[in-house]
Amino acid sequence: MKKIEDWKRFFVSRGIARELIDTYLIQVSALLKSGSPIVFELEHLSFLMGIKYETLLRMINGSSSFYRKFTIKKRSGGDRLIEAPYPSLLQCQDWIYKNILLNCAVHENAHGYVPGKSIFTNASAHLNCKTLLKMDLKDFFPSIKIGWVVNFFFSLGYAKNVSYYLAALCCNEGRLVQGASTSPYLTNILLRGLDERLSRLSKKHNLNYTRYADDMTFSGGYISTNFLGVVECIISNSGLTTNNSKTRLMIETNKKIVTGLSVSGKSLRITRELRRSIKQDVFYIRTYGFLSHISQQKIKDPFYLDSITGKVNFWLQAEPNNIEAIECKNVLLPLFGRNS
């Protein structure tokens, strides 16, 4: 990485006007301090990303035409809108993610889409708790407006025009979208202040706090209804909204699930329903044979074997020494590369 004096000599050698050099050096100094790549203009950005200038300009001015929209079913019911970027735009988002976003710190209690963290690290913080509070942020990605994103890039040291270019490549119709590769990590960066406030509040009440994307979890010995109200107020002051229909306060109950994992005991476990489903499928496969099983059950999914194997591997991630999970995997392994 060039030092500030190297940049100054470079600008002088290019015959750039002194006034413009001073402006550029201010930007360079700020970007070097934040560890962000130097970007001066749109042409410079297109060169760094390996995207033609005209194509990049179209992405910024008409991002909607670079997304494919479709819906998927939510587990809780209803549909979730997915806006998947076309390869050229995805290339730009991946460049921003790898070269800019990953250089930015997120709160230690954020576990979603953070390298080295997962649903397992998120759930582990709440093991063997007496009381569990689960809350959900409503319309998570669309709630983050492009102005937030522009201000973030500007805070790193980018000029206002470059900040807008970068933000426009991460947003569609003026907000973050479900499907952009930059959205998950951007939310972690932008919600660092919220995570810090909720962490301080939790410590004050002797509670543990984690957030996995839009799922927030608090746990400990006792959680009052007043605490819930304070959390909702903090979230509202942050410009976000709580999905009250998903708020759950569980006290002294054996069924405590955090990001799909049971935290009721001293170690993580998969849910009873998932365990029962896996064992049933594997029993039928072992008893009747794979082809006979899928024929009797009228299973038409060509990736069914991969699916059930993935569930067993997930079980082993949560419970690596579980004998039943190991036996299930031993039943399935010989089926790969065979017809029955």
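**A chat about helices, cores and phi angles**

Visitor: Is Arg272 buried or exposed?
Guide: Arg272 counts as exposed because its relative accessibility is 61%, where exposed means over 50% relative accessible area, buried under 20% and partly exposed in between, with a 1.4 Å probe and protein chains only. This is a predicted model, in which local features need pLDDT of at least 70 and side-chain atom pairs count only at pLDDT 80 or more, while totals for chains, interfaces and linings use all residues. Residues are numbered from 1 along each chain as its sequence is written, and side-chain values use heavy atoms, with hydrogens and water left out.

Visitor: Which helix does Arg272 lie in?
Guide: Arg272 lies in helix H12, residues 272-288, helices being DSSP runs of H or I with at least four residues and strands runs of E with at least two, numbered from the N terminus.

Visitor: Changing topic, at what angle do the axes of H5 and H8 cross?
Guide: The axes of H5 (residues 87-99) and H8 (residues 160-170) cross at roughly 120° and come within 9 Å; axes are lines fitted to C-alpha atoms, for helices over the stretch in contact, and angles run from 0 to 180 degrees between N-to-C directions. The two helices are therefore oblique to each other, since angles under 35 degrees count as roughly parallel, over 145 as roughly antiparallel, 65 to 115 as roughly perpendicular and the rest as oblique.

Visitor: Which residues meet there?
Guide: Leu89, Cys92, Gln93 and Ile96 in H5 meet Leu166, Leu169 and Cys170 in H8, contact meaning heavy atoms within 4.5 Å.

Visitor: And which residues touch the most other members of the largest nonpolar core?
Guide: That core has 70 residues, and among those touching the most other members are Leu45, Ile96 and Leu169; a nonpolar core is a set of buried Ala, Val, Leu, Ile, Met, Phe, Trp, Tyr and Cys residues joined through side-chain atoms within 4.5 Å. H8 gives the most to this core, with 7 residues.

Visitor: What does Leu45 touch?
Guide: Not counting residues up to four places away in sequence, Leu45 touches Val39, Leu56, Trp95, Tyr165, Leu166 and Leu169.

Visitor: Last topic, what is phi of Asn206 near?
Guide: Phi of Asn206 is near 60°, a positive value in a residue other than glycine, and Asn206 is exposed, with a relative accessible area of 67%. Phi of Ala213 is also near 60°, but Ala213 counts as buried at 11% relative accessibility.
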